[in-house]
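Please look through the sequence and the 3D structure shown here, and then read the report that goes with them.

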Amino acid sequence: MAIRFKGIRLITCQEASRLASQAQDRPLTLKERIGLRLHLLICVGCQGFTRQLKQIRQACQRVTNSEGINVETEGLSTTAKARILQEITVKQGNKS
Amino acid sequence: MSKELPRCDPAAWLTDHGDYLYRFALLQLRDEAAAEDAVQETLLAALGAWERFSGQSTVRTWLTGILKHKILDLFRKRAKEPQYTPLIDNPEAELSRLEQALFDTTGHWAHKPSAWNDPEASLDQQRFWTAFLYCLEHLAPSQARVFHLRELDGLSTEDICKELKITSTNCWVMLYRARLGLQQCLEHRWGDGHSI
């Protein structure tokens with residue numbers, strides 16, 4: 001059952017959430033933008049989802065900016081570090 | 001006067017940034033040995049290219065940029081090997097299976113997305129990052145690749161399509177599928193649904 005608003009068929013949450021995701025990857029068409037905007041005006045669930053998408057993107061940016069990645073997870077092992085350091089020293093030796 | 005450039009000190013790069021680079025590589029490569037190799041290659045390449053470091057970014061950002069290229073190269077190589085065929089043929093069908101679980105028959109959320117605490121304002125940021133990294137690591141490989149390229153490596157969808165030889169529609173569908181997967185996972189581990 002489609003919900004109507006002044007004769008216009010409003011898009012469903014399923015359609016809106018898909019558009020909200022695509023808005024992060026491509027410019028939406030005017031029709032899509034209006035559809036999404038109208039839907040978001042009346043839908044708390046999709047407002048929440050849109051906010052979550054933004055939070056996910058921000059978190060990814062912070063992973064790449066290295067803030068978020070320094071938690072708990074294991075780093076390089078001591079052996080790996082030693083091996084890499086040795087490779088570096090060899091290369092430096094070749095250079096000079 | 002121009003800012004003084006940091007010294008070329010690869011041993012310090014390893015100490016200061018090695019763990020970070022390794023974790024960044026591991027997130028995408030999901031293979032410890034491959035991630036170690038990628039870090040090593042990155043540092044060696046950086047040593048060779050040090051003259052080109054302009055000092056406009058931090059050393060870490062510069063090293064991460066090199067690492068991203070190494071990861072891309074590795075995936076290109078992997079794509080030619082028969083055991084790595086991570087991309088699914090019909091992402092739309094896979095998405096629609098998930099949508100059936102998340103939305104009711106009228107297209108409304110079966111469970112409304114909750115309002116997440118802002119991890120930055122929150123007192124337990126640690127718990128957020130643990131949840132977030134867990135969810136990122138547990139994305140299905142087929143979705144993870146596209147999502148990493150877009151959100152961690154910062155490629156445009158056009159570039160992703162070229163890289164993975166997929167259509168832009170499939171790319172959008174796969175990104176959406178990945179985001180829904182992450183959203184669901186975080187809903188459990190960070191949002192209202194968490195049960196710690």
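This is a predicted model: local features need pLDDT of at least 70, side-chain atom pairs count only at pLDDT 80 or more; totals for chains, interfaces and linings use all residues.

Where chain A and chain B meet, the contact takes 40 residues from chain A, together with 43 residues from chain B. On the side of chain A that touches chain B, three helices, α1 (13–22), α3 (44–64) and α4 (78–95), each supply at least two residues. The largest share of that side, 13 residues, comes from α3(A). The table sorts the residues of the side of chain A that touches chain B by class.

| Class | Side of chain A that touches chain B |
|---|---|
| nonpolar | 16 residues |
| polar | 15 residues |

The crossing in which α5(B) passes α8(B) is right-handed. Which residues of the two helices meet? From α5(B) come B:A131, B:F132, B:Y134 and B:C135, and they meet B:L182, B:C185, B:L186 and B:R189 in α8(B). Sorted by class, the residues of this contact of α5(B) with α8(B) comprise seven nonpolar and one charged, with no polar residue among them.

Chain B also has a domain assignment, which gives domain 1 as 10–79 and domain 2 as 91–189. The C-alpha centres of domain 1 of chain B and domain 2 of chain B lie 25 Å apart.

Methods:
Residues are numbered from 1 along each chain as its sequence is written. Chains are lettered from A and ligands numbered from 1 in the order in which they are written. Two residues are in contact if their C-beta atoms, placed from the backbone, lie within 7 Å. Helices (H or I, at least four residues) and strands (E, at least two) are DSSP runs, numbered from the N terminus. Ala, Val, Leu, Ile, Met, Phe, Trp, Tyr, Cys and Pro count as nonpolar, Asp, Glu, Lys and Arg as charged, and the others, Gly among them, as polar. A crossing is left-handed if the near helix is turned anticlockwise from the far one by less than a right angle, and right-handed if clockwise. Domain bounds come from an automatic or database domain assignment.
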